[in-house]
Amino acid sequence: MVSFLGSMVLLIVGYVFYGKFVEKTFGINDENQTPANTLTDGVDYIPMKWNKIFLIQFLNIAGLGPIFGAIQGALFGPAAFLWIVFGCIFAGGVHDFLSGYLSMKNKGASASELVGLYLGDKVRTVMRVFTVVLLILVGAVFMTGPAALLTTLTSIDASIWVVVIVLYYIAATVLPVDKVIGKIYPIFGAALLIMAVGVAGGLIVQGYDIPNVTLQNLNPNGQPIFPFLFITIACGAISGFHATQSPMMARCIEKESEARKVFYGSMVAEGIIALIWAAAAMSFFGGVPQLDVILAAGGPASVVNTISVSLMGKIGGALAILGVVVCPITSGDTAFRSARLTIADAMKIDQTSTKSRFMISIPLFVVGIGLTFIDFNIIWRYFSWANQTLAMIMLWTGSVYLAKENKNHYISTIPAIFMTVVTFGYIMQAPEGFRLPAEISNIIGVLVAVIFTCLFANKVKKIKQNNKKLEA
């Protein structure tokens with residue numbers, strides 16, 4: 001229990017102090033006009049109040065990841081707490097803040113365009129494809145997950161729920177951002193936060209034995225903590241998906257000083273959600289071995305249903321389930337919306353026309369629906385790796401920007417190096433990857449990180465030389 005409560009405190013302290021340090025590093029200035037004010041178009045660029053944007057961003061990023069991912073990550077034991085806390089403060093918060101801030105500085109540009117701007121046109125082309133594929137995977141995951149949970153609650157066939165969810169996704173993807181997303185997200189955001197408080201309160205009041213932090217690997221399936229834990233728990237610690245969501249809200253923020261609250265703040269809020277569900281999963285069923293049995297029998301959805309109803313009663317359980325159902329749906333719709341914007345930015349297609357928005361969106365939904373026929377666990381594994389790979393790339397992008405601006409690039413370079421080792425080490429040994437021995441895979445991860453670091457150092461050297469020439 002001490003580790004759980006201490007972790008909550010650390011996340012809040014991290015937001016207050018390290019978040020402020022990152023903000024100072026960026027050099028936030030409210031005299032700079034934001035895209036919401038200079039490019040208002042009534043569709044995607046619409047000024048909104050920061051508290052509403054915070055709840056929208058929070059729901060955008062807090063899909064199944066910080067709940068399902070944390071539950072699956074709980075199989076590693078309380079070491080998961082350390083990754084959630086320190087990953088969130090030093091990697092995820094910086095990543096989200098950086099991607100949102102860079103987008104604001106570049107007319108609300110999407111993630112792939114930002115990568116191209118700072119890492120080059122060749123990388124931009126790859127990232128356009130990579131980002132759209134990732135977003136479609138997210139959309140597919142967030143169709144099947146909520147549909148399965150709704151089927152558990154209602155006994156209505158999952159395929160029917162998929163149709164209902166897709167129809168909503170189409171509306172949220174095509175309509176102006178303030179018509180659907182801007183109106184319902186704040187309500188459901190509040191419901192999700194209330195749900196988290198209820199589950200946490202139930203654990204504390206009812207005296208569940210939440211284990212304290214240890215580095216011991218408790219995973220019953222033999223998966224090593226490194227790098228599997230860092231891929232399994234993505235949302236809640238660091239997630240590349242967030243970089244695709246931040247530009248949508250960067251187009252709505254009225255002042256630069258609101259960016260820390262929206263981007264870093266919503267990441268910390270997601271970290272708290274992940275902590276709560278990791279703690280609940282570890283303690284509610286009596287331990288990790290018992291959790292593994294429940295997951296094998298019914299998956300994360302059954303874990304959520306059982307814990308919510310037991311800790312909060314029927315009314316509280318209904319609220320919790322509502323949050324868990326709505327949470328992924330409100331990430332799935334913005335995944336497709338972000339995919340539309342990414343393609344529109346790449347092809348320079350004006351989005352003020354309804355026809356042009358449908359022209360891009362319909363093919364995306366066709367592919368997304370097709371993916372729902374693939375086993376959820378397979379999609380999730382590929383999504384998890386692609387997700388963390390995008391986070392790694394965005395961190396390197398931020399490092400180049402900070403170096404160009406002669407600012408402290410280490411706030412993103414250090415987590416970028418770590419995530420490079422994680423992503424390459426994982427894909428080399430993962431079942432969906434090359435299945436090499438862990439020792440070889442991790443060495444490859446380290447070598448790739450060394451190469452990337454050397455390339456970055458060389459780029460920084462050239463940047464400094466160019467800066468000296470300009471000064472001369």
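Begin by selecting E23 and R260, which form a salt bridge whose closest N and O atoms are 3.5 Å apart; a salt bridge here is a side-chain nitrogen of Lys or Arg within 4 Å of a carboxyl oxygen of Asp or Glu. Because E23 lies in helix α1 (residues 2-26) and R260 in helix α12 (residues 259-284), the pair ties together parts that are 237 residues apart in sequence. Helices are DSSP runs of H or I with at least four residues, numbered from the N terminus. Both E23 and R260 are buried, where buried means under 20% relative accessible area, exposed over 50%, and partly exposed in between, using a 1.4 Å probe and protein chains only.

This is a predicted model, in which local features need pLDDT of at least 70 and side-chain atom pairs count only at pLDDT 80 or more, while totals for chains, interfaces and linings use all residues. Residues are numbered from 1 along each chain as its sequence is written, and side-chain values use heavy atoms, with hydrogens and water left out.

Next, select E113, D121, R124 and R128, which are linked in a network of salt bridges. Within this group, the side chains of E113 and R124 meet at 3.3 Å, N to O, and those of D121 and R124 at 2.8 Å. D121 is exposed, with a relative accessible area of 52%, whereas R124 counts as buried at 16%.

Finally, select H409, in the loop between α15 (376-404) and α16 (410-429), which counts as buried at 12% relative accessibility.

Notes: Helices (H or I, at least four residues) and strands (E, at least two) are DSSP runs, numbered from the N terminus.
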